[in-house]
Amino acid sequence: MSVPTPLDVGQAHPRLRELTVVDVRTPGEFASGHLPDAVNVPRLVRSLPELRRAAERRPLLVVCASGARSENAVATLTAQGIAASSLTGGTQAWAAEGHGLQYPDGSRKRAVWAMERQVRFTAGVTVLLGLALGLLLHPSLALLSAAIGGGLVFSALTNSCGMAVVLGRLPFNRQGAGGRA
């Protein structure tokens, strides 16, 4: 059965049982609520063989918080010859339409910020810190702000994010990694 790319919540919800849901968020984000029966695969490239086999059994629906990471993941899978669809709007749209989320241990835990929000917060704090240190201690410390700006430009041009990789290794982004294989 073919699955169009992308699917909105209205298209995905009635077909959920016939799809393999792959959540590409960090384990911490996944633990803060995910689509029913989703598999957490935060490191997509490492799981390509398993995803290829899963796609042979049932169509893949790739999910993240807002839909941005899942679109990138679908592009990666497509480049590897693996058919997949992205959920438009991600888990945010799913929950906004009143559909329930699952939690690894069955109880709702403290929500972990989405990775995009963590990156924006960290970049903003670092820019402000660089500016403050440049004004208060030494003007060359303002280069910290320039480095973050350069990193954001590089991130936009390459559609990758080194800061997200680093933040993904923090303990609150790794805890509660649940899901089925």
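**Surface patch, salt bridges and helix packing**

Leu-135, Leu-136, Leu-137 and Leu-141 form a nonpolar surface patch with about 490 Å² of accessible area together. Patches comprise residues with over 30% relative accessible area and no salt bridge; like charges are joined within 9 Å, and nonpolar side chains (Val, Leu, Ile, Met, Phe, Trp, Tyr) within 5 Å. Areas follow the Shrake-Rupley method with a 1.4 Å probe, and for residues only the protein chains shown count as cover. The model is predicted: local features need pLDDT of at least 70, side-chain atom pairs count only at pLDDT 80 or more, and totals for chains, interfaces and linings use all residues. Residues are numbered from 1 along each chain as its sequence is written, and side-chain values use heavy atoms, leaving out hydrogens and water.

Leu-135 lies in helix H6 (residues 115-136). Helices here are DSSP runs (H or I, at least four residues), numbered from the N terminus. Leu-135 counts as exposed, at 76% relative accessibility. The classes are buried (under 20% relative accessible area), exposed (over 50%) and partly exposed (in between), with a 1.4 Å probe and protein chains only.

The structure holds five salt bridges. A salt bridge places a side-chain nitrogen of Lys or Arg within 4 Å of a carboxyl oxygen of Asp or Glu. Arg-25 and Asp-23 form one of these, at 2.8 Å from N to O. Arg-25 is buried, with 4% relative accessible area. Asp-23 is also buried, at 1%. Arg-15 pairs with Glu-18 in a salt bridge, with the closest N and O atoms 2.9 Å apart. Here Arg-15 is buried at 17%, whereas Glu-18 is partly exposed at 31%.

Glu-116 meets Arg-69, the closest N and O atoms being 3.5 Å apart. Glu-116 lies in H6 and Arg-69 in helix H4 (residues 68-79), so the pair ties together parts 47 residues apart in sequence. Glu-116 is partly exposed, at 24%. Arg-69 is buried, at 19%. Glu-29 joins Arg-69 and Glu-116 in a network of salt bridges.

H6 packs with helix H7 (residues 143-158) at an angle of about 150 degrees, their axes 7 Å apart. Axes are lines fitted to C-alpha atoms, for helices over the stretch in contact; angles run from 0 to 180 degrees between N-to-C directions. H6 is therefore roughly antiparallel to H7, a term for angles over 145 degrees. In contact (heavy atoms within 4.5 Å) are Ala-123, Thr-126, Val-127, Gly-130 and Leu-131 of H6 with Leu-144, Ser-145, Ile-148 and Leu-152 of H7.

Methods. Helix = DSSP H or I, 4+ residues; strand = E, 2+ residues; numbered from the N terminus. Parallel < 35°, antiparallel > 145°, perpendicular 65-115°, else oblique.
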